[in-house]
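Me: I have a structure on my screen and would like to talk through its contacts with you. Shall we go through it piece by piece?

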Amino acid sequence: MQDAIVARRKRAMLRAGRRGMREADLILGPFAAAAVPAMDAAALSAFEALLEETDRDLLSWVMEVAPPPAAHAGPLAAIAAFMRGRFDPPR
């Protein structure tokens, strides 16, 4: 069982960093590298479901151009918090 989740994590990190659209790679790749190794099975399943979406949809949700589906709210909130932590200046 442990080997299965390790394999899923590796696959999710690879898929997140090699989406096809560079902008999506730059957002999802670093997030996945930082967050996926600590994800439990439920969080990993939610992230994998998000990775099934198109790059165009993902970017519109991450950039808050369009409202995301409720099913993806958890992973998108985690990505947003990660991105804020990377780019917001310290106060």
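**Helices, rings and a loop**

Reply: Happy to. Let's begin with Asp57, whose place is in helix 4 (helices are DSSP runs of H or I, at least four residues, and are numbered from the N terminus). This is a predicted model, where local features need pLDDT of at least 70 and side-chain atom pairs count only at pLDDT 80 or more, while totals for chains, interfaces and linings use all residues. Residues are numbered from 1 along each chain as its sequence is written, and side-chain values use heavy atoms, with hydrogens and water left out.

Me: Is Asp57 buried, partly exposed or exposed?

Reply: Buried means under 20% relative accessible area, exposed means over 50%, and partly exposed lies in between, using a 1.4 Å probe and protein chains only. Asp57 has a relative accessibility of 31%, so Asp57 is partly exposed.

Me: How are helix 2 and helix 4 oriented to each other?

Reply: Helix 2 spans residues 22–35 and helix 4 spans residues 55–62, with their axes 10 Å apart and an angle of about 60°. Axes are lines fitted to C-alpha atoms, for helices over the stretch in contact, and angles run from 0 to 180 degrees between N-to-C directions. Angles under 35 degrees count as roughly parallel, over 145 as roughly antiparallel, 65 to 115 as roughly perpendicular and the rest as oblique. Helix 2 and helix 4 are therefore oblique.

Me: Which residues of helix 4 make the contact with helix 2?

Reply: Contact here means heavy atoms within 4.5 Å. From helix 2 come Glu23, Ala24, Ile27 and Leu28, and from helix 4 come Asp55, Leu58, Leu59 and Val62.

Me: How many residues of that contact of helix 2 with helix 4 are charged?

Reply: Ala, Val, Leu, Ile, Met, Phe, Trp, Tyr, Cys and Pro count as nonpolar, Asp, Glu, Lys and Arg as charged, and the others, Gly among them, as polar. In the contact of helix 2 with helix 4, six residues are nonpolar, none is polar, and the charged ones number two.

Me: What kind of aromatic pair do Phe31 and Phe47 form?

Reply: Rings of Phe, Tyr and Trp (its six-membered ring) pair if their centres lie within 6.5 Å; planes under 30 degrees apart count as stacked, over 60 as edge-to-face and the rest as tilted. The centres of Phe31 and Phe47 are 5.5 Å apart, with 55° between the planes, and the pair is tilted.

Me: And what kind of pair do Phe31 and Phe82 form?

Reply: Their ring centres lie 5.7 Å apart, and the planes stand at 75°, so this pair is edge-to-face. Phe31 lies in helix 2 and Phe82 in helix 5 (residues 73–87), so the pair ties together parts 51 residues apart in sequence. Phe31, Phe47 and Phe82 form one aromatic cluster. To come back to the kind of pair, Phe31 and Phe82 are edge-to-face.

Me: How are helix 3 and helix 5 oriented to each other?

Reply: Their axes come within 8 Å and cross at roughly 90°. Helix 3 and helix 5 are therefore roughly perpendicular.

Me: Which residues of helix 5 make the contact with helix 3?

Reply: By class, this contact has six nonpolar, no polar and no charged residues. Helix 3 brings Ala46, Phe47 and Leu50, and helix 5 brings Pro75, Leu76 and Ile79.

Me: What is the phi of Glu64?

Reply: Glu64 sits in the loop between helix 4 and helix 5, and is exposed, with a relative accessible area of 67%. Although Glu64 is not a glycine, its phi is positive, at about 60°.

Terms used: Helix = DSSP H or I, 4+ residues; strand = E, 2+ residues; numbered from the N terminus.
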